[in-house]
Amino acid sequence: MDTFIRTCPLCEATCGLAITMDGDRVTGIRGDDDDVFSHGFICPKGTTLGDLHHDPDRLRRPLIKRDGRFVEVGFDEAFAEIERRLPAILNEHGRDAVALYIGNPTVHNVDATMFVKPMAKAIGTRNIFSASTVDQRPKELACAWMFGGGLTVPIPDIDRTDYLMILGANPLESNGSLATAPDWPGRMQAIRSRGGKVVVVDPRRTRTAAKADEHVAIRPAGDAFFLAAIAHTIFDEGLVSLGSLEPHLNGFDDVRALVAPFTPEAVATVTGIDADTTRRLARELAAAPTACVYGRIGTTTQEFGTLASWLVDICNIATGNLDRPGGAMFPKAAAGASNTRPGKGRTFRIGRFASRVRGAAETLGELPVACLAEEIDVPGEGQVRALITVAGNPVLSTPDGARLDRALAGLDFMISLDVYLNETTRHADVILPPPEPLQRSHYDLAFSQLSVRNVANYSPAILPLEDGQMHEWESMAVIASIAQTGSRADPSVVDDLVALTVAQGVATEVHSAEDLLSAVAPRRGPERILDIMLRGGPYDITLDDLIAQPHGIDFGALQPRLPEVLRTESGKVECAPPPLAEDVARLRAALDRKPNGLVLVGRRHLRSNNSWGHNIAAMVKGRERCTLQMNPADAARLGVEDGKPVKIASSAGELVAPAEITDDIREGVVSLPHGWGHDLPGIRLSVASEKAGVNSNVLTPSVVDTLSGNAVLNGIPVDVSA
Ligand SMILES: Nc1nc2c(c(=O)[nH]1)N[C@H]1C(S)=C(S)[C@@H](COP(=O)(O)OP(=O)(O)OC[C@H]3O[C@@H](n4cnc5c(=O)[nH]c(N)nc54)[C@H](O)[C@@H]3O)O[C@H]1N2
Ligand SMILES: Nc1nc2c(c(=O)[nH]1)N[C@H]1C(S)=C(S)[C@@H](COP(=O)(O)OP(=O)(O)OC[C@H]3O[C@@H](n4cnc5c(=O)[nH]c(N)nc54)[C@H](O)[C@@H]3O)O[C@H]1N2
Ligand code: SF4
Ligand SMILES: [Mo]
């Protein structure tokens, strides 16, 4: 029996795991007590990595659809099929005829993270979509405008704060997001134990809210109004305290006028929060020795997501809490961060091109995934005819799931890189499975840039590839060469090119690109690129240094980084960037809305992983979880009984799900989790199909936050009937 140390790739918390193996069988998984960051913490999901490894439904060989049925083939044959069909579409209909959808696990997989962009570039399409536009795009844009980088996100310093206000996040179920921290439960409890306060703003009394000092049951989509009223109060009552931030700010005084209409009284109806509470919370925030406002998916996947994201940091700035210990701080990642390299600031722009059908603006090189179905099913010049999905299940994860499902059936050609034959990949002509997590190395390129401590941790692969398997980066490199030249090249061609580009990007006077490349020889693939990034990074370490420290290297608590972290044209924090300032008019226009009828929000459960956790028996055991939560008052009014099926209808579609009547949700709001609906024909998910649930995104219209293009997944008007 051997024990292997590796980082869990299943969520953003990056826990260290100690995995015992007997040959290629996983015999046990526990938290790694010596991990410099997680200190032994593990959640129930982390213990299921072995079940994923042994899952008989997990794809181990490529599949090709022949006469409507999938047959297992080797990679050679799969690539021959791609060679036969992909270049023909590119040649006949142009580069934009091939779309790409990049799903969430891509960022948990260093192979895919490093090679998906080169693959996209080789295809040369504008039709790039990703899970980011059903997730954090508003936060990225707000940060790009304010600080000059989409990943220059202020992270709540939860280990040192005296006051944490959490909006639209449930880290006790999700284990945290845009705030990488193993053991959120322990770290949150520590705030209270040292005499601090935790406030949770959420329409539901979540597990996180239940463990906090105070729960504020906001109405869905009320966050931008509420935060504007907090900021208003801070200005109005003379509570602004910029401290050492002042010389680093541009346009802070403009914010006062922008939030002026949003008095606590004026927002009370849209937020559902009485003016006294809002005022008190603003005073508490200003009075706390250190404080931090933290907003997550409930604040971004809604109508005013970008404004809410901006106002989170306005509240942090106004109280002097940006960039100070205990406030919201900027991590300094060991590898891959653009804000650790010297760089000239520039004014960030979106809308360099627009989507064909509705003219939605490009953001960070992508189009909103809410537009994907229409780009496929609306005929005309520039129509999407082929799709490549990478680690994504957009039929269950993105708006108007039923329409997208139909649209995918009409494509000329579809390739999926995925580990399962699921609701989305059933439409593919070719499925290329990556090796599973234990067969690949791991480094959190993205999450170390979003972490509450500066930590670096590398895990080598535990198991080798089996015959007939291929690394995911190699598959991507081969597809890139087919898209670029019409025929297959060895993956090393693209690999060399990517390594050179990365080396040139991080080269300095001390380390030239050539020096870097020769220093990391003979490594190849992601290891070589990572080694280059580490050598060019702020701590000047090498991959060997990380290999020598399997429990990770801790570079310590976050340090103040202003103004060095900024890449704005002014070199200052832009407090009132024009696109955000202009969007405030939209918020003002909505101020007099009267809430009317029920609205739908989502939720997550500790034992889920978006749409793909449900094929593991340990993840779906227990009572049914895909239920419509509703408040007893709403249930009584509508004659709904607990456990009985109810019909839920929106402008996009309708579903039937069992009702779960609970005080833990505010009146006027109902909640259904996403990622369910495993009852479609042709999928190969034997466990998930047994507890199929319903696809909540059948109810999600393809409406977006107009500034960011991010889908509105929360606050959807619905009718519920018994
Ligand atoms: N167990 C588990 N963990 C996960 C995932 C998973 O599927 N399962 N998914 C991972 C991913 S991809 C992500 S992005 C993260 C997300 O991590 P979190 O942001 O913590 O996600 P949720 O747990 O969905 O919490 C969102 C909360 O927002 C509330 N909410 C809904 N609408 C509003 C609103 O308008 N205003 C406010 N203030 N609150 C609102 C919901 O009630 C919910 O409690 O989780 C990650 N971790
Ligand atoms: N209503 C509603 N909808 C939501 C949300 C919500 O809160 N409410 N949350 C949104 C959020 S935050 C997100 S991030 C999205 C997620 O949206 P997606 O990323 O589209 O969906 P996932 O369910 O994460 O699907 C991941 C897919 O990747 C596959 N996979 C897993 N590991 C690998 C790998 O290493 N390589 C490859 N190639 N494939 C792999 C899995 O089999 C699965 O098919 O969903 C969004 N949708
Ligand atoms: S919290 Fe996340 S990273 Fe930690 S064990 Fe659970 S799933 Fe893995
Ligand atoms: Mo996400």
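The chat below goes through a predicted model of a protein chain and its ligands.

Visitor: What are the ground rules for this model?
Guide: The model is predicted, local features need pLDDT of at least 70, side-chain atom pairs count only at pLDDT 80 or more, and totals for chains, interfaces and linings use all residues. Residues are numbered from 1 along each chain as its sequence is written, chains are lettered from A and ligands numbered from 1 in the order in which they are written, and side-chain values use heavy atoms, with hydrogens and water left out.

Visitor: How is the protein chain divided into domains?
Guide: The division is domain 1 (1–54), domain 2 (157–329 + 563–589) and domain 3 (598–721). The bounds come from an automatic or database domain assignment.

Visitor: What separates the centres of domain 1 and domain 2?
Guide: The distance is 34 Å, with the centres taken over C-alpha atoms. In domain 1, 9 residues are in contact with 11 residues of domain 2; contact means heavy atoms within 4.5 Å.

Visitor: On to ligand 1. Which residues come nearest?
Guide: Ser174, Asp202, Ala221, Asp223 and Asn610 come nearest, out of 32 residues around ligand 1. A residue is near a molecule if one of its heavy atoms lies within 4 Å of it.

Visitor: Which domains does that shell around ligand 1 draw on?
Guide: Domain 2 and domain 3 each give at least three residues to the shell around ligand 1.

Visitor: What about polar backbone atoms and ligand 1?
Guide: A polar backbone atom of serine 608 is 2.8 Å from a nitrogen atom of ligand 1. For glycine 168, a backbone N or O atom lies 3.3 Å from a ligand 1 nitrogen, and a polar backbone atom of glycine 298 is 3.4 Å from an oxygen atom of ligand 1. The protein buries 97% of the 920 Å² that ligand 1 exposes when taken alone. Such areas come from the Shrake-Rupley method with a 1.4 Å probe; for residues, only the protein chains shown count as cover.

Visitor: Which elements give two or more residues to that shell around ligand 1?
Guide: Those are α5 (171–174) and α12 (297–300), and α5 gives the most, with 3 residues. Helices (H or I, at least four residues) and strands (E, at least two) are DSSP runs, numbered from the N terminus.

Visitor: And by class, what does the shell around ligand 1 have?
Guide: The shell around ligand 1 has 10 nonpolar, 14 polar and 8 charged residues. Ala, Val, Leu, Ile, Met, Phe, Trp, Tyr, Cys and Pro count as nonpolar, Asp, Glu, Lys and Arg as charged, and the others, Gly among them, as polar.

Visitor: Now ligand 2. Which residues come nearest?
Guide: Tyr101, Asn104, Asp418, Glu472 and Ser611 do, of the 30 residues around ligand 2. By class, the ligand 2 shell has 13 nonpolar, 12 polar and 5 charged residues.

Visitor: Where do N and O atoms of asparagine 104 come in for ligand 2?
Guide: A backbone N or O atom of asparagine 104 is 2.6 Å from an oxygen atom of ligand 2. A polar backbone atom of alanine 391 lies 3.4 Å from an oxygen atom of ligand 2. On its own, ligand 2 has 920 Å² of accessible area, and the protein covers 97% of that.

Visitor: Alanine 391: buried or exposed?
Guide: Alanine 391 counts as buried because its relative accessibility is 18%; buried means under 20% relative accessible area, exposed over 50%, partly exposed in between (1.4 Å probe, protein chains only). Alanine 391 sits in the loop between β15 (386–390) and α15 (394–397), with a positive phi of about 50° although it is not a glycine. Most residues other than glycine have a negative phi, and most peptide bonds are trans.

Visitor: What is phi near for asparagine 175?
Guide: Phi of asparagine 175 is near 65°, a positive value. Asparagine 175 is in the loop between α5 and α6 (184–193) and, at 4% relative accessibility, counts as buried. Asn175 is also one of the residues around ligand 3, which include Cys8, Cys11, Cys15 and Cys43.

Visitor: Which peptide bond is cis near proline 522?
Guide: The bond from alanine 521 to proline 522 is cis, with omega near 0°; proline 522 lies in the loop between α19 (513–520) and α20 (525–535). The bond from leucine 562 to proline 563 is cis too, with omega near 0°.

Notes
Polar contact = N/O pair within 3.5 Å; in protein donor to acceptor, adjacent residues only side chain to side chain.
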